Structure formats: C-alpha cells, structure tokens
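Please open the model in your viewer and get your selection tool ready. We will go from one stop to the next, with something to pick at each.

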Amino acid sequence: MSTQGQPEGNAETLDLSGCTVVLSRAEGPFATELFFHCEPPAAATGSAEQAEAIYDAVLKVLDAEGARGASIVCETIFMREPEANLAGIRAARERVFGVPP
C-alpha cells in the first residue's frame, strides 16, 4: 500500500508563540507536504489574538522548513464564532503574512 502524499506516523509536538503545534510531514514526488494542528495559548482570549498567535506559529513552522506564507496551498481554521470578528482574524493573518487572505 502506498502512503505517498499521506502524513507520516511520526508527528512532532512543538511549542511556538505560545501555541501547541502538532506537525506531520508527507514526502511527495514534487514537494514535502506539511500537516499541522495549532492550539492557541490559553491566555489568548479574543479570536483576533488567537489567530495572530496561530498564524505566527504557522509562519515559524514554515520558516523552519524553508518555506514561506506564499507556500500555503490550503488552510482551514476552526474558531468559536469567527463571524463575530472575521475582520480581526483577517487583519491578524495580514499582519503576520504581510498579504491579505
């Protein structure tokens, strides 16, 4: 059975920007795919503050892997009531990555 393009079973847990990040890699024929789950710091109570911490952690993972924000192909975030502060979440992403979503 081929596991090409699937995350490897050896995930690592990192502490970045106060976030807990679980990172897995999948080696494909053309690229290394990164799969990660970021949990914001407990002290970050607002959605914009949580988003900024998460995006900062994502950027640190990408930097460590030799990539950058423009390397992101797909992104899914789960937050409580994101529609209540969507502008703040988008602004946090833009502050960290330097480009609008």
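**Before we start**

This is a predicted model, in which local features need pLDDT of at least 70 and side-chain atom pairs count only at pLDDT 80 or more, while totals for chains, interfaces and linings use all residues. Residues are numbered from 1 along each chain as its sequence is written, and side-chain values use heavy atoms, with hydrogens and water left out.

**Stop 1: the whole chain**

Show the cartoon. The protein chain holds 2 helices and 3 strands, and from the N terminus on they run β-β-β-α-α. Helices here are DSSP runs of H or I with at least four residues, strands are runs of E with at least two, and both are numbered from the N terminus.

Now colour by accessibility. Of the 101 residues in the protein chain, 28% are buried. Buried stands for under 20% relative accessible area, exposed for over 50%, and partly exposed for what lies in between, with a 1.4 Å probe and protein chains only. Contacts, meaning heavy atoms within 4.5 Å, also say something about the fold: among those in the protein chain with a separation of 6 or more, 41% join residues 24 or more positions apart.

**Stop 2: the loop between E1 and E2**

Select Ser17, in the loop between strand E1 (12–16) and strand E2 (19–27). Ser17 is not a glycine, yet its phi is positive, about 55°. With a relative accessibility of 26%, Ser17 counts as partly exposed.

Ala42 belongs to the loop between E3 and H1 and is exposed, at a relative accessible area of 78%.

**Stop 3: Leu34 on strand E3**

Move to Leu34 in strand E3. Is this residue buried or partly exposed? Its relative accessibility of 22% makes Leu34 partly exposed. Not counting residues up to four places away in sequence, Leu34 touches Leu23, Ser24, Arg25, Val61, Leu62 and Glu65. For Glu65, the C-alpha to C-alpha distance from Leu34 is 9.0 Å, across 31 residues in sequence.

**Stop 4: helix H1**

Select H1, residues 47–64. H1 has 18 residues and reaches 26 Å from its first C-alpha to its last, close to the 26 Å expected at 1.5 Å a residue; the expected span is 1.5 Å times one less than the number of residues.

Show the side chains. The buried residues of H1 include Ala51, Ile54, Tyr55, Val58 and Leu62. What covers the buried residues of H1 includes E1, E2, E3 and H2.

Zoom in on Ser47, also in H1. Ser47 counts as buried because its relative accessibility is 14%. Leaving aside neighbours within four places in sequence, Ser47 is in contact with Met79, Asn85 and Ile89. Then step past the end of the helix: just after H1, Gly66 takes a positive phi of about 80°.

**Stop 5: helix H2**

Go on to H2, residues 86–97, whose 12 residues reach 16 Å from first C-alpha to last, close to the 16 Å expected at 1.5 Å a residue. Look down the axis and select Gly88, Ile89, Ala92, Arg93, Val96 and Phe97, which are buried. They lie on the same side of H2 because they cover an arc of only 155° around the axis, taken from the directions from the helix axis to the C-beta atoms.

Which helix do the buried residues of H2 pack against? They pack against H1. On the other side of H2, Ala87 and Arg95 are exposed. Gly98 follows H2, with a positive phi near 80°.

Stop 6: The largest pocket has a volume of about 980 Å³, where a volume is the space filled by probe spheres set on grid points joined across faces, edges and corners. On a 1 Å grid over the protein atoms alone, a pocket is an open set of points where a 1.4 Å probe fits, with protein on both sides within 12 Å along at least five of seven lines, and lining residues have an atom within 4 Å of a point.

Of the 30 lining residues, select Phe36, Val58, Cys74, Glu75 and Thr76, the closest to the centre of the largest pocket. E3 gives the largest share of the lining, 8 residues.
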